Amino acid sequence: MPLSPQERQEFLAQPHVAAFAVAAGTGRGPLTVPIWYQYSPGGEIWVLTGPESQKMRYLRETGRFSLMVQQVEPTVRYVSVEGPVTRTAPMTDEQHREMAARYLPAESVDGYLKAAEAFGEQVAVYLRPEHWLSADLGDPSAF
């Protein structure tokens, strides 16, 4: 059963690790990798990546990407969203902390941010949700 617009936005706003996909050119499937993301219902989605990463090179070519998140308990549920990149900006310290705090226990955030300095420069890439797919397939024990 498809999720309502409110249900799919609330589900996407939870801290799932997303499957990020961007077209990788003629004769290839999409580049698909796990990624952390940030989203508030009704807003844009943003992800962090290196400005010269493979993801960013493909994003510059295509101008679009998709994310898919899922869970298997208490019900099998997923949301997929696709849309255009609306802007790219240098990552701020506040964004980096916000993203780390979304996914990590509070006591791990500072250590992660220190270790993440090795990643080098990062950019925030924003997506405007344009196309959605979603479903709640029900209780997995019923299958």
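Let's start with strand 1, residues 18-22: four of its five residues are buried, so the strand is largely enclosed by the rest of the structure. Buried here means under 20% relative accessible area, exposed means over 50%, and partly exposed is what lies in between, using a 1.4 Å probe and the protein chains only. Strands are DSSP E runs of at least two residues, helices are H or I runs of at least four, and both are numbered from the N terminus.

Before going on, keep in mind that this is a predicted model, where local features need pLDDT of at least 70, side-chain atom pairs count only at pLDDT 80 or more, and totals for chains, interfaces and linings use all residues. Residues are numbered from 1 along each chain as its sequence is written, and side-chain values use heavy atoms, with hydrogens and water left out.

Who sits beside strand 1? Strand 2 (residues 31-35) runs antiparallel to strand 1, and five bridges join the two. Within that pairing, Ala18 faces Ile35 of strand 2. Strand 1 also pairs with strand 5, again antiparallel, over three bridges, and here Ala19 has Met68 as its bridge partner. For two strands to pair, DSSP has to find at least two bridges between them.

Now follow strand 5 to Gln70. With 53% relative accessibility, Gln70 counts as exposed. Leaving aside residues up to four places away in sequence, Gln70 touches Phe11, His16, Arg77 and Tyr78, where contact means heavy atoms within 4.5 Å. Gln70 and Leu12 are 58 residues apart in sequence, yet their C-alpha atoms are 9.0 Å apart.

Next, go back to strand 4 (residues 45-49) and find Thr49. Thr49 has 4% relative accessibility, so it counts as buried. Its side chain makes a polar contact with the side chain of Lys55 at 3.3 Å. A polar contact is a pair of N or O atoms within 3.5 Å; within protein, one must be able to donate a hydrogen and the other to accept it, and residues adjacent in sequence count only if both atoms are side-chain atoms. Again setting aside residues up to four places away in sequence, Thr49 touches Lys55, Met56, Gln122, Val123 and Val125.

Time to zoom out. The protein has four helices and eight strands, arranged along the sequence as α-β-β-β-β-α-β-β-α-α-β-β. Its radius of gyration is 16 Å, close to the 15 Å that the globule rule gives for 143 residues, so the protein is as compact as a globular protein of that length. That radius is taken over C-alpha atoms, and the rule is 2.2 Å times the number of residues to the power 0.38. Of the 143 residues, 43% are buried. Among contacts between residues at least 6 apart in sequence, 71% join residues at least 24 apart.

Finally, the record: an unreviewed UniProt entry annotates residues 6-132 as "domain: Pyridoxamine 5'-phosphate oxidase N-terminal". UniProt positions are given in the numbering used here, feature names are shortened, and annotations may be inferred rather than shown by experiment. Over residues 6-132 the chain is 30% helix and 38% strand, with the end C-alpha atoms 12 Å apart.
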